[in-house]
Amino acid sequence: MNREITLEASVMIEELMFHIHQNEMGGDCIDPSNRFFPLYLELQKLLDHEQQKKYDLYVSVKNDETK
């Protein structure tokens, strides 16, 4: 199995969330009683924060607010 290594934070967070969902939560549904649920939730918050930073940067560059 040869996979490309990506050091982008959002991609790494998504990969970790996928691993947790598939291997630790059974892959079907997210169970709040699962011991990994708090970690999964915090990773989702972190991913949302990373995506918001990218969006804010995009908007500021698009509107030429970088000066």
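Ser10 touches Leu47 and Lys54, not counting residues up to four places away in sequence; contact here means heavy atoms within 4.5 Å. Ser10 is found in helix H1, where helices (H or I, at least four residues) and strands (E, at least two) are DSSP runs numbered from the N terminus. At 6% relative accessibility, Ser10 counts as buried; the term buried stands for under 20% relative accessible area, exposed for over 50% and partly exposed for values in between, with a 1.4 Å probe and protein chains only. The C-alpha atoms of Ser10 and His49 are 9.4 Å apart in space, and the two residues are 39 apart in sequence.

The structure is a predicted model, in which local features need pLDDT of at least 70 and side-chain atom pairs count only at pLDDT 80 or more, while totals for chains, interfaces and linings use all residues. Residues are numbered from 1 along each chain as its sequence is written, and side-chain values use heavy atoms, with hydrogens and water left out.

The chain has 2 helices and 0 strands. Of its 67 residues, 19% are buried. Among contacts with a separation of 6 or more, 39% are between residues 24 or more positions apart.

Helix H1 spans residues 9–24 and helix H2 residues 37–62; their axes come within 10 Å and cross at roughly 155 degrees. Axes are lines fitted to C-alpha atoms, for helices over the stretch in contact, and angles run from 0 to 180 degrees between N-to-C directions. The crossing angle makes H1 roughly antiparallel to H2, given that angles over 145 degrees count as roughly antiparallel, under 35 as roughly parallel, 65 to 115 as roughly perpendicular and the rest as oblique. The crossing of H1 and H2 is left-handed, that is, the near helix is turned anticlockwise from the far one by less than a right angle, clockwise being right-handed.

On the H1 side, the residues that meet H2 are Ala9, Ser10, Ile13, Glu14, Leu16, Met17, Ile20 and His21. Their partners in H2 are Leu39, Tyr40, Leu43, Gln44, Leu46, Leu47, Glu50, Gln51 and Lys54. By class, this contact of H1 with H2 has 10 nonpolar, 4 polar and 3 charged residues. Ala, Val, Leu, Ile, Met, Phe, Trp, Tyr, Cys and Pro count as nonpolar, Asp, Glu, Lys and Arg as charged, and the others, Gly among them, as polar.

Within helix H2, Glu50 counts as buried at 17% relative accessibility. Beyond its neighbours within four places in sequence, Glu50 is in contact with Ala9 and Ile13. With the same exclusion, Leu47 is in contact with Ser10, Ile13, Glu14 and Met17.

The largest nonpolar core has 8 residues: Ile13, Met17, Ile20, Met25, Phe36, Tyr40, Leu43 and Leu47. Such a core is a set of buried Ala, Val, Leu, Ile, Met, Phe, Trp, Tyr and Cys residues joined through side-chain atoms within 4.5 Å. H1 and H2 each supply at least two residues of this core.

Asn34 lies in the loop between H1 and H2 and is buried, with a relative accessible area of 17%. Leaving aside neighbours within four places in sequence, Asn34 is in contact with Glu24 and Met25. Asn34 and Glu24 are 10 residues apart in sequence, with a C-alpha to C-alpha distance of 8.4 Å.
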